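Trainee: Could you walk me through reading a few features of a fold?

Mentor: Gladly; let us look together.

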Amino acid sequence: MQTNYFTIFIILLIYLSYFGAIDSSASTVVIVDEYYTERQDDITVYQFGDEYIIKNCTFAGCSDEYGGALNIELRYGGQASVLDSIFTGCEAYFGGGIQLGASSASKFIIQGSQFKGCKAEENGGAINAQITDQDSIMEIGNSKFTNCESSNGGGISVTLKKAGQVIIDQGCIINQCTSNGGSGGGIYIETWFETSLWCSLVVRDTTIKNCKALLNQSSHTYPQGIGGALFLGGDGIYDPTTELIDLRGLKLIDNTADTAGSSIYVAMLSLRELFDYIVY
């Protein structure tokens, strides 16, 4: 009896593809060298191995309710990257430049990009991110945020839940950003600590300077005017022995706040050990 090895091979490929060992439908979308003045369609990446890449693009004066330039939703291992791009004068209710939702082991990368004069009514003058599930991560490297504004997180606002991870590193600069009637002139972080699902926050080799948290009597946000450079708050008790919050090399220069915490305001327990490596 002669064996048909070709037929066996095809059956094996179909089997592996069906059960996920080979992702035959994985795809990559790459957008390069484009100039946009209007908000782009929502970006959704819902499959492991799929990736959406934006490189060397400019977004100028874009506006919308969620994400003035981009609204990105990542799930189930999907990935998106914004590389060497510029966002200028973009506005939204949440996320003046970018609104991000990441869950289920997804990954979002910003590298070598600039955000200038972006504004949000509520959270995240440049970026508003919700990292809300285990092993999902946002990485920001070698990027600049200048003259951005919102109520919470003049430059960046992040909500971290269920073992989500955030890394802001590689010489990022947040300059002249403002929280107007909220908290966190440069960065606003809100996180939850649970026994089995520890979130991870890394803000190092980053400079936050000339940022401010202002009181605004017309704002209904409470508290407000706190954390000129960084507001860090959350529920649960953080265990410093885990070292999951890392602020090594964070530089804070000439930041101000109308109410409290001209540099940093922390609304959490057991955080004294975090401040050994901060440069003022």
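Mentor: One definition to start: strands here are DSSP runs of at least two residues, numbered from the N terminus. Keep in mind that this is a predicted model.

Trainee: Where does serine 183 lie?

Mentor: Serine 183 is in the loop that joins strand S22 (178-180) to strand S23 (187-192).

Trainee: Is serine 183 buried or exposed?

Mentor: Buried means under 20% relative accessible area. Serine 183 has 2%, so it counts as buried. Beyond its neighbours within four places in sequence, serine 183 contacts Ser151, Asn152, Gly153, Tyr188, Pro223, Ile226 and Phe231.

Trainee: Now the rings. How many aromatic pairs does the structure hold?

Mentor: There are 8 aromatic pairs. For geometry, planes under 30 degrees apart count as stacked. Phenylalanine 59 and phenylalanine 87 have planes at 10° and centres 4.7 Å apart, so they are stacked. This pair links distant parts of the chain, 28 residues apart: phenylalanine 59 is in strand S5 and phenylalanine 87 in strand S9. Both of these phenylalanines are buried.

Trainee: Which residues form another stacked pair?

Mentor: Tyrosine 66 and phenylalanine 94, with 5.5 Å between centres and 10° between planes. Tyrosine 66 belongs to strand S6 and phenylalanine 94 to strand S10, so parts 28 residues apart in sequence are tied together. Tyrosine 66 is partly exposed at 37%, and phenylalanine 94 is partly exposed at 21%.

Trainee: Which residues do ring pairs link into a cluster?

Mentor: Tyr36, Phe59, Phe87, Phe115 and Phe145.

Trainee: And what sits over the ring of tryptophan 192?

Mentor: The charged end of lysine 161, at 4.9 Å from the ring centre.

Terms used: Residues are numbered from 1 along each chain as its sequence is written. This is a predicted model: local features need pLDDT of at least 70, side-chain atom pairs count only at pLDDT 80 or more; totals for chains, interfaces and linings use all residues. Side-chain values use heavy atoms; hydrogens and water are left out. Helices (H or I, at least four residues) and strands (E, at least two) are DSSP runs, numbered from the N terminus. Buried means under 20% relative accessible area, exposed over 50%, partly exposed in between (1.4 Å probe, protein chains only). Contact means heavy atoms within 4.5 Å. Rings of Phe, Tyr and Trp (its six-membered ring) pair if their centres lie within 6.5 Å; planes under 30 degrees apart count as stacked, over 60 as edge-to-face and the rest as tilted. A charge sits over a ring if NZ of Lys or CZ of Arg is within 6 Å of the ring centre and within 35 degrees of the ring normal.
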